[in-house]
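The following note sets out some points for a colleague who is meeting this structure for the first time. Please read the numbered paragraphs with the model open alongside.

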Amino acid sequence: MPRVSEAHLAARREQILDAAARCFLRNGFHQTSMQDVIKEAGLSVGAFYRYFNSKTELIHAIAQEKVGSIISTLEQLLAQEPPPAMPDVFEQLIGQVDRNLEADGPVRIAVQVWGEAAYDPTFADLVGTIYGSIRDRATALVTRVRDAGLLAPETDPPAVAAAMVGLVQGYVIQRVLAGRVDKEVYLSGIRSLIGGYGARDAHEAD
């Protein structure tokens, strides 16, 4: 029997995660059975269980691989030269949220994971790990922005990073649960809150 390639295994795993995400979005975690996911993925039971043994494993994998996509956006922002101004940071982060609300909706899965974390210690640990990584990168980004002169010298990066995460999560909650917040209106509100700081041209004029 020919050896199955790593690329094939990775593609099959992604196929299962996409199928699970669609099921969870339609019916929620608790109303979705393993059989539902197997059927959605179009696999045999044996093929499916080669990758995942439980619904909890599926949820964890989705949270890590799909919900964590905001981390890649922060890493891209961290790599920018010169560092982006804070309004640009929020525009890119909120834009990423909007993109992830489409199709299989990994951001919508995030809201379900947050709900599970409220009473399940395993999910609480998972969420804590993911958002710890997000806060670490956000703190590093704010440090770069401050050091570039786009925030006040006395700015506390961990404090600003915590507020950043809260603002992005607030947008997610309003979009998913209320559905009445407009991206441009929300970004305008953020720009009003941060005032003159973060506007590169204003600081260069000084």
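**Notes on the predicted model**

1. Helix α9 covers residues 157-178, 22 residues in total. From its first C-alpha to its last it reaches 30 Å, close to the 32 Å expected at 1.5 Å a residue. The coordinates under discussion are those of a predicted model.

2. Which residues of α9 are buried? They are P157, A161, M164, V165, V168, Y171 and V172. Viewed down the axis of α9, the buried residues fall within an arc of 120°, and therefore they line one face of the helix.

3. As regards the overall fold, the protein chain contains 11 helices and zero strands. Read from the N terminus on, its elements accordingly run α-α-α-α-α-α-α-α-α-α-α. The chain has 206 residues, of which 42% count as buried. Where contacts join residues at least 6 apart in sequence, 65% of them connect residues at least 24 apart. The accessible surface amounts to about 10,700 Å², and 52% of this belongs to carbon and sulfur atoms.

4. The buried residues in α1 are L9, I16, L17, A19, A20, A21, C23 and F24. After α1 comes G28, which has a positive phi, near 85°.

5. How many salt bridges does a search of the whole structure find? The search finds seven. In one of them, E40 pairs with R26, and the closest N and O atoms are 2.8 Å apart. Because E40 belongs to helix α2 (residues 34-41) and R26 to helix α1 (residues 6-27), the pair ties together parts that are 14 residues apart in sequence. E40 counts as partly exposed, at 27% relative accessibility. R22, R26 and E40 are linked in a network of salt bridges.

6. A further salt bridge joins R137 to E75, again with the closest N and O atoms 2.8 Å apart. This pair links distant parts of the chain, since R137 is in helix α8 (residues 121-147) and E75 in helix α5 (residues 69-79), 62 residues apart. R137 counts as partly exposed at 25% relative accessibility, and E75 likewise counts as partly exposed, at 38%.

7. The side chains of K183 and E184 also meet in a salt bridge, with an N to O distance of 3.9 Å. K183 has a relative accessible area of 27% and is partly exposed. E184 is partly exposed as well, with a relative accessible area of 44%.

8. A separate point concerns E116, which lies in helix α7 (residues 106-117). Is E116 buried or exposed? E116 is buried, yet it has no salt bridge. The nearest side chain of opposite charge is that of K55, 8.5 Å away, whereas a salt bridge requires a side-chain nitrogen of Lys or Arg within 4 Å of a carboxyl oxygen of Asp or Glu. Leaving aside residues up to four places away in sequence, E116 touches F29, H30 and F123.

Technical notes:
Residues numbered from 1 in each chain as written. Predicted model: local features only at pLDDT ≥ 70, side-chain atom pairs only at ≥ 80, totals over all residues. Heavy atoms only, no water. Helix = DSSP H or I, 4+ residues; strand = E, 2+ residues; numbered from the N terminus. Buried < 20%, exposed > 50% of the residue type's maximum accessible area, 1.4 Å probe, protein only. Lys, Arg positive; Asp, Glu negative; His and termini not counted. Contact = heavy atoms within 4.5 Å. Areas by Shrake-Rupley, 256 points an atom, 1.4 Å probe, with all protein chains shown as cover. Expected span 1.5 Å × (residues − 1). Arc of directions from axis to C-beta.
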